[in-house]
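Subject: Structure handover and notes

Dear colleague,

I am passing on the structure below, together with some notes on what turned up in it. Please read the notes with the model open beside them.

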Amino acid sequence: MKILVPVKRVVDYNVKVRVKSDQTGVDIDNVKMSMNPFDEIAVEEATRLKEKGAATEVIAVSAGVQQSQETLRTAMAIGADRGILIQTDAVLQPLAVAKLLKAVVDKEQPQMVILGKQAIDDDANQTGQMLAALLDWPQATYASKVEVEDGRVRVTREVDGGLETLVLKLPAIVTTDLRLNEPRYVTLPNIMKAKKKQLDTVTPQDLGVDPSPRLKTLKVSAPPVRKAGIKVPDAATLVDKLKNEAKVV
Ligand code: AMP
């Protein structure tokens with residue numbers, strides 16, 4: 001069974017993002033970029049399935065600028081067997097990514113696609129669901145446990161009231177939640193090995209997809225700066241301020 005894992009290059013989660021002065025987006029010049037954390041979990045899960053013998057090949061795929069190659073190399077250092085870069089400088093929105101991924105699925109014929117539940121830059125939480133719709137495959141989002149059994153995948157999901165278990169017929173789409181696993185540290189020997197793994201580059205045109213944005217961003221602004229807090233001497237003053245100043249009680 002082949003597993004396809006889409007990985008996105010995003011601003012590193014430790015970086016404090018800055019909004020551009022013209023409010024058209026977020027400044028990514030000279031900013032540390034990394035693999036989207038939920039995608040690292042997806043690569044780890046696919047690698048574990050391969051190590052258990054449930055999968056035969058793990059393919060990482062990324063759509064974006066040329067530097068996304070680094071993200072693919074990281075995926076290969078975790079355990080992906082090869083990588084595919086869909087190279088474009090276009091601004092990619094979830095529907096465009098889902099269409100590009102569908103074209104790769106049509107070509108590679110994986111039995112499972114494991115995506116992150118969301119990318120931490122746009123927080124869209126849409127690509128996996130859109131891909132499932134385009135392929136007409138079953139989907140299990142926010143997975144906290146994934147078990148492959150006899151042409152099916154059993155997925156445990158954390159929902160408000162507890163745990164929900166879904167059994168999907170393969171081929172299927174799974175999206176990862178934080179508690180699914182803890183990705184392994186990438187070791188130097190594995191980084192070196194990853195450099196020798198196969199990395200193919202295609203363009204959206206090669207895949208017959210027009211990735212042009214369908215939504216227009218009107219404005220991006222930073223959240224308002226929080227006012228400094230004050231210390232109150234006792235509970236009575238606190239209640240008084242909540243009632244008469246903040247007017248929340
Ligand atoms: P989103 O719908 O943008 O929140 O992204 C959800 C998931 O879709 C991510 O965690 C990735 O697995 C995948 N994804 C989104 N954008 C890309 C991209 N440009 N290249 C590869 N995978 C992507």
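**Notes on the model**

Val 248 is exposed, with a relative accessible area of 59%, where exposed means over 50%, buried means under 20% and partly exposed lies in between, with a 1.4 Å probe and protein chains only. Please keep in mind that this is a predicted model, in which local features need pLDDT of at least 70 and side-chain atom pairs count only at pLDDT 80 or more, while totals for chains, interfaces and linings use all residues. Residues are numbered from 1 along each chain as its sequence is written, and side-chain values use heavy atoms, with hydrogens and water left out.

Val 248 sits in the segment after helix H6 (235-244); helices (H or I, at least four residues) and strands (E, at least two) are DSSP runs, numbered from the N terminus. Together with Ile 230, Val 232, Leu 238, Leu 242 and Val 249, Val 248 makes a nonpolar surface patch of about 530 Å². Such patches are made of residues with over 30% relative accessible area and no salt bridge, with like charges joined within 9 Å and nonpolar side chains (Val, Leu, Ile, Met, Phe, Trp, Tyr) within 5 Å; the accessible areas come from the Shrake-Rupley method with a 1.4 Å probe, and for residues only the protein chains shown count as cover.

**The sheet**

Nine strands form an open sheet with mixed pairing, in the order S9-S8-S7-S10-S6-S1-S4-S5-S11, two strands being counted as paired if DSSP finds at least two bridges between them. At the edges are strand S9 (162-169) and strand S11 (199-202), each of which pairs on one side only. From one strand to the next, the twist averages 30 degrees. Within this sheet, strand S6 (residues 112-116) and strand S10 (residues 172-176) run parallel and are joined by five bridges, and Leu 115 has Thr 175 in S10 as its bridge partner.

Helix H2 (residues 68-78) lies across strand S4 (57-64), strand S5 (82-87) and S11, and runs at about 165 degrees to S5; axes here are lines fitted to C-alpha atoms, for helices over the stretch in contact (heavy atoms within 4.5 Å), and angles run from 0 to 180 degrees between N-to-C directions. Ser 62, which lies in strand S4, is buried, with a relative accessible area of 1%. Leaving aside residues up to four places away in sequence, Ser 62 touches Val 7, Lys 8, Arg 9, Ser 68, Leu 72, Ile 84, Leu 85 and Ile 86.

**Salt bridges**

A search of the whole structure finds 18 salt bridges, each defined as a side-chain nitrogen of Lys or Arg within 4 Å of a carboxyl oxygen of Asp or Glu. In one of them the side chains of Arg 184 and Glu 44 meet at 2.9 Å, N to O. This pair links distant parts of the chain, 140 residues apart, with Arg 184 in the loop between S10 and helix H5 (188-195) and Glu 44 in helix H1 (residues 37-51). Arg 184 is partly exposed at 28% relative accessibility, whereas Glu 44 is buried at 2%.

Arg 82 forms a salt bridge with Glu 108, with the closest N and O atoms 2.7 Å apart. Because Arg 82 lies in strand S5 and Glu 108 in helix H3 (residues 94-108), the pair ties together parts that are 26 residues apart in sequence. Both residues count as buried, Arg 82 at 11% relative accessibility and Glu 108 at 10%, and they belong to a network of salt bridges that also links Lys 2 and Glu 57.

**Backbone details to check**

Most residues other than glycine have a negative phi, and most peptide bonds are trans. In this model a cis peptide bond, with omega about 5 degrees, joins Leu 170 and Pro 171, and Pro 171 lies in the loop between S9 and S10. Asp 150 has a positive phi, near 45 degrees; Asp 150 is found in the loop between strand S7 (139-149) and strand S8 (152-159), and is exposed at 80% relative accessibility. Lys 247 also has a positive phi, near 55 degrees, and is found in the segment after H6, where Lys 247 is exposed with a relative accessible area of 62%.
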